[in-house]
Amino acid sequence: GVGYVTAIYKADGKTTGHISKTITVTSNAENSPVVLTITGVIAEVVNSNEKKYPHKIGTIRTNSIHVNFAAMLSDAKRTEEVRIFNPTGAPVKVSTQSLPKYLSVKITPENIPAGEEAIMSITYDASKVNDWDYVRYSLYLYINGTRNTKQRINISAIIQEKFTDAQKKNPAKIEFEETIYNFGTITQGEKATYVFKFKNTGNVDLYIRKTKTSCGCTVTKQDKEAVGPGETGTIEATFNSKGKSGNQTKTITVITNSPEPKMNKISLKMKGTIVKKQ
């Protein structure tokens, strides 16, 4: 005849990975006892809420910690959402404070019941930014009135100036004498300075909206705000080689009020070689 031995393995919720368990069967047979083996793999159970809200901020979780508004014209207004989940067993109040004037945040509901979700609507008003190109802001949340400083929600946008038809027909124009300066070979710790000269070849005032560098070792400045038609201006750049070695190329990005694509955003470069002190 045929008989059966039924064995059930019940996972304890703590053990994961490969398992091997034995069962000893004792009988009146000649080959008694017989050892049976159960093998298998216990998969880790991932909380579905941890998948849906992968980012932990204090006692709450969110589905995102980076809100990218991407390219926005200087008169644009846009709203994006972040979902907040309260995994605790008690209500949690989530709020914000001291926002820049171009940001407004609404959390619905502010008091999030245990095990429930809230929607954080973030509205970005580019007309109030007073900045250009890549702009970044760190939004810290207050949880039950206490600011959480260990994690933040990064908010970014690329602000592009909106030009009228009249500005496009009669644009400000900028032309640099040189856009690349090779400072040759310098010793580590020395500084290299160069003055980039430009001219307004348009018929209206030229403005340098913003200058920024590829790293903190290069500082730039323009010598005056408005450059009239036919006038010249300068941007001074200083490269500090402290802590640097080998071939180096640093970029200075210049944002202007010219609607011409090649003149609206210009890259200046400082390059050379750094040798260590003997």
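Colleague: How many salt bridges does a search of the whole structure find?

Modeller: Side chains of opposite charge can pair when their charged atoms come close. The search finds seven salt bridges in the whole structure, each one a side-chain nitrogen of Lys or Arg within 4 Å of a carboxyl oxygen of Asp or Glu. Before we look at them, please keep in mind that this is a predicted model, in which local features need pLDDT of at least 70 and side-chain atom pairs count only at pLDDT 80 or more, whereas totals for chains, interfaces and linings use all residues. Residues are numbered from 1 along each chain as its sequence is written, and side-chain values use heavy atoms, with hydrogens and water left out.

Colleague: Which residue forms a salt bridge with Arg-83, and how far apart are the closest N and O atoms?

Modeller: The partner of Arg-83 is Glu-117, and their closest N and O atoms are 2.9 Å apart. This pair links distant parts of the chain, since Arg-83 belongs to strand E6 and Glu-117 to strand E10, 34 residues apart; helices (H or I, at least four residues) and strands (E, at least two) are DSSP runs, numbered from the N terminus. Arg-83 is partly exposed at a relative accessible area of 34%, and Glu-117 is partly exposed as well, at 26%. Here buried means under 20% relative accessible area, exposed over 50%, and partly exposed in between, with a 1.4 Å probe and protein chains only.

Colleague: Which parts of the chain are tied together by the pair Asp-131 and Lys-210?

Modeller: The side chains of Asp-131 and Lys-210 meet in a salt bridge at 3.2 Å, N to O. Asp-131 lies in the loop between E10 and E11, while Lys-210 is in strand E18 (residues 206-213), so the pair joins parts that are 79 residues apart in sequence. Asp-131 is partly exposed, with a relative accessible area of 26%, whereas Lys-210 is buried, with 16%.

Colleague: Where does Asp-133 lie, and where does its partner Lys-212 lie?

Modeller: Asp-133 and Lys-212 form a salt bridge whose closest N and O atoms are 2.4 Å apart. Asp-133 is in strand E11 and Lys-212 in strand E18, so this pair, too, ties together parts 79 residues apart in sequence. Asp-133 is buried, at 9% relative accessible area, and Lys-212 is partly exposed, at 24%. Salt bridges that share partners join Asp-133, Lys-212 and Lys-265 into one network. Asp-133 also has a positive phi of about 60°, although it is not a glycine.

Colleague: Which residues does Thr-253 touch, leaving out those up to four places away in sequence?

Modeller: Thr-253, found in strand E22 (residues 246-256), touches Lys-210, Thr-211, Lys-212, Lys-265, Ile-266 and Ser-267, not counting residues up to four places away; contact means heavy atoms within 4.5 Å. Thr-253 is buried, with a relative accessible area of 11%.

Colleague: Which residues of the largest nonpolar core touch the most other members?

Modeller: A nonpolar core is a set of buried Ala, Val, Leu, Ile, Met, Phe, Trp, Tyr and Cys residues joined through side-chain atoms within 4.5 Å. In the largest one, which has 30 residues, Met-120, Ile-122, Tyr-124, Ile-153, Ile-155 and Ile-159 touch the most other members. Among the elements that give two or more residues to this core are strand E6 (77-85), strand E10 (117-125) and strand E14 (153-160). A second, separate core of 21 residues includes Ala-192, Phe-198, Ile-235 and Phe-239.

Colleague: Where is a cis peptide bond, and what is its omega?

Modeller: A cis peptide bond joins Thr-108 and Pro-109, with omega about -10°, and Pro-109 has its place in the loop between E8 and strand E9 (111-112).

Colleague: How far apart are Pro-33 and Asn-68 in sequence and in space?

Modeller: Pro-33 and Asn-68 are 35 residues apart in sequence and 67 Å apart in space, taken from C-alpha to C-alpha. Pro-33 lies in the loop between strand E1 (17-25) and strand E2 (34-42), and, leaving aside neighbours within four places in sequence, Pro-33 is in contact with Thr-24, Val-25 and Thr-26.
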